[in-house]
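The sequence and structure are shown first, and a description follows.

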Amino acid sequence: MLRYFAFLAIFCVCPLAASPPRATHDWAALDTLVDAFDKAGAPGISLAVSIDGQTVYHRWTGQADLAHGVPIGADTRFNIASVSKQFTAFAIMMLVDAGELKLEQDVREFIPELEVRSPPVTIRHLLNHTSGLREANSLLQLVGTPEAWPVTQARSFDLIVRQRGGNFPAGQREEYSNTGYQLLAEVVARVSRTPFPDFMRSRIFEPLGMTRTVVYSDPKQIIADLAVDYAPVGDGFARAHSLSATYGSSGIISDPRDLLRWARALETGEIGGTAVIAAMAERSTFHDGRPAIASNGQECRRFRGLDTWSHGGSVGGFRSFLLRIPEARMAVAVMGNRSDFHKAAFAFNVARALVADPSAPTPATKFRPETGTDLDRYVGDYQLFAGIVFSLRRDGDQLSFSMFGRGNASALPQIDKGVFMLNPARQLRLEFRDFVNGQATEMRWQISEDGYIPAPLVVMQPVPETPLNIHELEGSYYAETLQQVITLSAYRNTLRLRMGDGSYTLLDRYQPDTFRADGDSAIQRVKIRRGTAGRVVGVFISAALADDIEYRKLDDDKTNSGIFED
């Protein structure tokens, strides 16, 4: 385990006045953060920090390969996952600057295989996560192809262009989308007439001297010095087996020092020039004036009075985060090969050690949680995703939390005005900022420093007291957009769904004609579709960020419904 202190040379050359504003430079605090992952027989992390474009701190710890006892080193590489999105956005902006496309163009002008949608999905919608297109990774899971299986860009693209319908009309709201960035990679390839991995290498990586960075485009590809990714299991770790080779949204392999070279380029315009840099910083706004948070592969947030630009990445057991603080002339790049690494919180803790808080100290005041009927404004059901509903109820002077208003409710302590702690270990919080007539209209599921997921207030309908008529639901159903058959059948007085890959999911009715998966499944919601006289003619299935995929009920042929009964 080594430490690289190039910052000593910088401090010898630069006068003290040239230091970043409000700097503290508590390097010992960074050592403490890294040392927390210095454990025998465990995967680890690699951290690098730059000031004024120079690497001033680089330290690493843990194992790159547990099976062969290979430690993480200065040259260990990681899959940076969704941090890749800002590279894709940059490539698009280069083509815009060259006059080869416009952000307001319909993406179908470049990818005519896509469904005609109204309003049309534009390049800008893809960049801003406002396209409303279904999530590609969820579509892959529905057809039995998780990221632990070899997945190619062509396989994912085929599923995307076969889709009919979507989650919402383009521009209506912001919803994180890997689909959009995979399509942007295809746009780059078609407009430039260059395969996307080659475009990135020749136009971005090589000019910046990012010699450790490549696009992972083939599941069979062997990449030197690439760490193995892991997930905690019991008292140890197991291989996470990330073999997805989709790109545009993910797929770049890099190391922290190369990411710092990229971070500097986003400040200097070394490639692309000032026009591209300015375009990367633009933010679209919605009809109510709210800015889009995650435009162009970067999220803009305030930190200690300064603007920060950041994005994280998660795939398999790989975790990564790139944080830029331009006014402090600082960048933080951190990577890990363990799925329990909270990379965003770690990166901002690094920033806290290096950038002073400008606010004047104020006397500590004891927060007084709301009590009694004051808590009623938070009470309700909030839909995080299709088939995932958080229920908040009041019990005297405290809120309680449960799923679908069922089962054992857990206490939800209030830690600030409109803020409740859901999971202290992971810093999962529920926050409320939007109210109408004193009633919360949206809950924010705040995930540490990674950002939040909005969950609107929904009105739940009572489940009919009459027993479920399983017989009318039994049968086979076909989805043209997935080219997949599923089967519904009775199983121990409940309904069971069999996927095309042979896996089973028990269904639990939580709304009239609406079910959720009872257990671990790619499926989150199943809604029954009825025709004339109430006859069941199909179902709509939703997965994470992939809503209401239509399955048509086949003729009343139940030959497949009981074959695998046990």
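In this predicted model, the second largest pocket is lined by 16 residues. Those nearest the pocket centre are Tyr216, Gln221, Leu226, Ser242 and Leu243. Sorted by class, the lining of this pocket comprises ten nonpolar, four polar and two charged residues. The space in the second largest pocket amounts to about 300 Å³.

The chain as a whole may be described next. The protein chain contains twelve helices and 31 strands. Its radius of gyration is 25 Å, close to the 24 Å given by the globule rule for 566 residues, so the chain is as compact as a globular protein of that length. Along the principal axes, the C-alpha atoms of the protein chain fill a box of roughly 80 × 60 × 50 Å. Of the 566 residues, 52% are buried. When contacts between residues at least 6 apart in sequence are considered, 60% of them join residues at least 24 apart.

Two groups of paired strands deserve attention. Strands of a sheet pair through backbone hydrogen bonds, in either a parallel or an antiparallel manner. Two bridges connect β6 with strand β10 (residues 252–254), and asparagine 79 lies opposite isoleucine 253 in β10.

Strand β12 pairs with β11 (residues 299–303) and with β13 (residues 318–325). The two pairings are set out below.

| Strand pair | Bridges | Sense | Source of pairing |
|---|---|---|---|
| β11 and β12 | five bridges | antiparallel | DSSP bridges |
| β12 and β13 | seven bridges | antiparallel | DSSP bridges |

Serine 310 of β12 takes part in both pairings: glutamate 299 stands opposite serine 310, and leucine 323 in β13 is a bridge partner of serine 310. β11 and β12 form a hairpin with two residues between them, and arginine 304 in the turn has a positive phi of about 50°. The hairpin of β12 and β13 likewise has two residues between its strands, with glycine 316 at a positive phi near 55°.

Finally, threonine 466 is located in the loop between β23 (452–458) and α12 (470–473). Threonine 466 counts as exposed because its relative accessibility is 52%, and the cut-off for exposed is over 50%. The C-alpha atoms of threonine 466 and leucine 183 are 46 Å apart, with 283 residues separating the two along the chain.

How values were computed. Residues numbered from 1 in each chain as written. Predicted model: local features only at pLDDT ≥ 70, side-chain atom pairs only at ≥ 80, totals over all residues. Heavy atoms only, no water. 1 Å grid on protein atoms, 1.4 Å probe; cavity = no way out; pocket = protein on both sides within 12 Å on 5 of 7 lines; lining within 4 Å. Points joined across faces, edges and corners; volume = space filled by probe spheres on them. Nonpolar A, V, L, I, M, F, W, Y, C, P; charged D, E, K, R; others polar. Helix = DSSP H or I, 4+ residues; strand = E, 2+ residues; numbered from the N terminus. Buried < 20%, exposed > 50% of the residue type's maximum accessible area, 1.4 Å probe, protein only. Rg over C-alpha atoms; globule rule 2.2 N^0.38 Å. Contact = heavy atoms within 4.5 Å.
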